[in-house]
Amino acid sequence: MSQDEANLEARLEGQAAFEPPESFVEQANVSDPGIYDEFEENWPDCWERAADLLSWDEPYDTVLEDDDAPFYEWFTGGELNASYNCLDRHVEDGAKNRAAIKWEGELGETRTYTYGELLNEVEAFAATLRDLGVEEDDVVTLYMPMIPELPIAMLACARIGAPHSVVFAGFSADALATRMNSADSEYLVTCDGYYRRGDALDHIEKANEGLADVDHDVSDVVVVDRLGDALEHSLADNQCDYDELVEANAGASVEPVSRDAEDMLFLMYTSGTTGKPKGVKHTTGGYLAYTAWTSHSVLDIEPEDTYWCSADIGWITGHSYIVYGPLALGTTTVMYEGTPDYPEKDRLWEIVEKNSVDIFYTAPTAIRAFMKWGSQYPEEYDLSSLRLLGTVGEPINPRAWKWYYKHIGDEACPIVDTWWQTETGGMMITTLPGINTMKPGSAGPPLPGIDAQVVDANGDEIGAGEAGYVTVQNPWPGMLRTLYNNDERFISEYWAEYSDEETDEWVYFPEDGAKLDEDGYITILGRVDDVINVSGHRLGTMEIESAVVGVEGVAEAAVVGGDHDVKGEAVYVYAIPEDDYDGDDELQERAVEAVLDSIGPIAKPEDVIFTPELPKTRSGKIMRRLLEDIASGNELGNTSTLRNPDVVDDIAEQVGEN
Ligand code: WT7
């Protein structure tokens, strides 16, 4: 490192606050600080500003309907179609030849769809879905990796009013079956396989395995041929080839179906405290308005931009900020199939340079990996097209924030650290890049119109410098409407903690801890439930536990998250073997297999530790905090309240050995 660089590092290291660059502010979509008061004073009518970003077939009568809280309704009486809003209207406005999706495969092949081409393809596939018998309100499951046919299928579903349920391609066959069963979904779109680090991965085999466990009839399965000759597979009787079907419908015209604002746009399953994933329901009007609004105000997206979010569409980030938000605004959205380190660790920067990406949105876990690989990779490329950077999914430590700021943004791009959830539909707590001071490590204030408050265990607002729990005290258009077929669980999961039913005051509880500072900035501390965050992905420890306990030879198991320098958290399994078993390598392997089978490689345990006992309180509760500390290598606190304090040293010793 040169002296200049060393000085720069030292200066950044000591700096706790950063102002948005003047050049950014001058061109920002939102730069008037008055927007906070304006939204507060006009709430809930302020949300018309979001709805105004869309084209409505029928204007709405009411902005917010709260008669049946917390089953809120937004923009009631309004009708619209999401696919029309993401495609047709841009084509009608003269953007037919603008790139909508720029896709890059892992092997380096590229495909660009203009808005005109994307519309044609979506109509052809919408016609196909209809041919197969898909009707309005039928749930179509999409089990696909990052190939263009995934957003095409989503928009085709939206066009005919069939909600989609996208299942992340990395999830296991079991996970697919659970989700199809829960949603009663009779249609599946999948593909033969895809590339990972240069290898052709078989995907259809996993899909078929999952289908075997679906407990109702699945009428039709559409299979995209991604791999051509690289993978041999034959289609079953009810399986059809995507290309053949779409070709037969080439040139078809499918009128977008007018949907009520409150009609379901999609379902997205996410993990919770209990073993069963929750089907989060998002609607057409509120969700689309909210993702368009936050794409405009936070991501500063303009139609002329090339925008890239490196998430997977199989998660909410990809739904909201690769597909719906950016396309609703008519911009060019980039999609990359593969991993950031294939063939080299410079892959992402090559894509930024080649496409002159203006806005880049990624996860802290990726940034920590870039940091570890070193700044020589981004330095090889011209990243000067970048104007704004974003992060999402987990807390970002100030060191990673500053590395991103300097080595990717060249100290010229604001960074938005956006806190939100599958359930919130879009961003909730973040700075507005054209307005607010940035504080590395702190997400920022709640967005205009979002009444997020940090409270204590009694629900009272805490003061500056204190820590408590995040709550949202008013509804917002992008919020989930319920859990699919489970209104009761919707209430008990999100509204039971702090609401007062008698006075009809409803408070949303996202189950995150947070700190508040003197400027009202919120620093997210992480989940306070039994959910862990591995590489920005949410995993339920109970789901993993039930997989491990299902293994023959395992008597009891506890799963916790331990600190990990790249993943943020990693999965640690502590298990008691049954009497006739040893916690040997074989049992360990079977435990890992069980987790892979029930969830997928993202949940792969970092370590499986067998122990004759688990640390328990006198009342018999497993002391998870202690297991977390052991996994993280933290100093262990007082263990005297345990029924079996001796076991702690035994376990810690084993972890040290592995
Ligand atoms: C959980 C939601 C938001 C889309 C991706 C994850 C954590 C999310 C941040 C952030 C600190 C964050 C929270 C939240 N989280 N963004 N900027 N800073 N933590 O969606 O799978 O629904 O997970 O991710 O703990 O509750 P998700």
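## Asn-485

Asn-485 lies in the loop that runs between strand 22 (467–472) and helix 17 (487–494). The model is a predicted one. Phi of Asn-485 is near 55°, which is a positive value in a residue other than glycine.

The relative accessible area of Asn-485 is 65%. Exposed means over 50%, so Asn-485 counts as exposed.

## Asp-300

A positive phi is also found at Asp-300, a residue other than glycine, where the angle is near 60°. Asp-300 sits in the loop between helix 11 (285–297) and strand 16 (306–309).

With a relative accessible area of 1%, Asp-300 is buried, because the term applies under 20%. Asp-300 is thus a buried loop residue with positive phi, whereas Asn-485 is an exposed loop residue with positive phi.

## Cis peptide bond at Trp-43 and Pro-44

Trp-43 and Pro-44 are joined by a cis peptide bond, with omega at about 0°. Pro-44 belongs to the loop between helix 3 (35–41) and helix 4 (48–51).

## Cis peptide bond at Tyr-342 and Pro-343

Another cis peptide bond links Tyr-342 to Pro-343, and its omega is about -5°. The loop that holds Pro-343 lies between strand 17 (332–336) and helix 13 (347–355).

How values were computed
Residues are numbered from 1 along each chain as its sequence is written. This is a predicted model: local features need pLDDT of at least 70, side-chain atom pairs count only at pLDDT 80 or more; totals for chains, interfaces and linings use all residues. Side-chain values use heavy atoms; hydrogens and water are left out. Helices (H or I, at least four residues) and strands (E, at least two) are DSSP runs, numbered from the N terminus. Buried means under 20% relative accessible area, exposed over 50%, partly exposed in between (1.4 Å probe, protein chains only).
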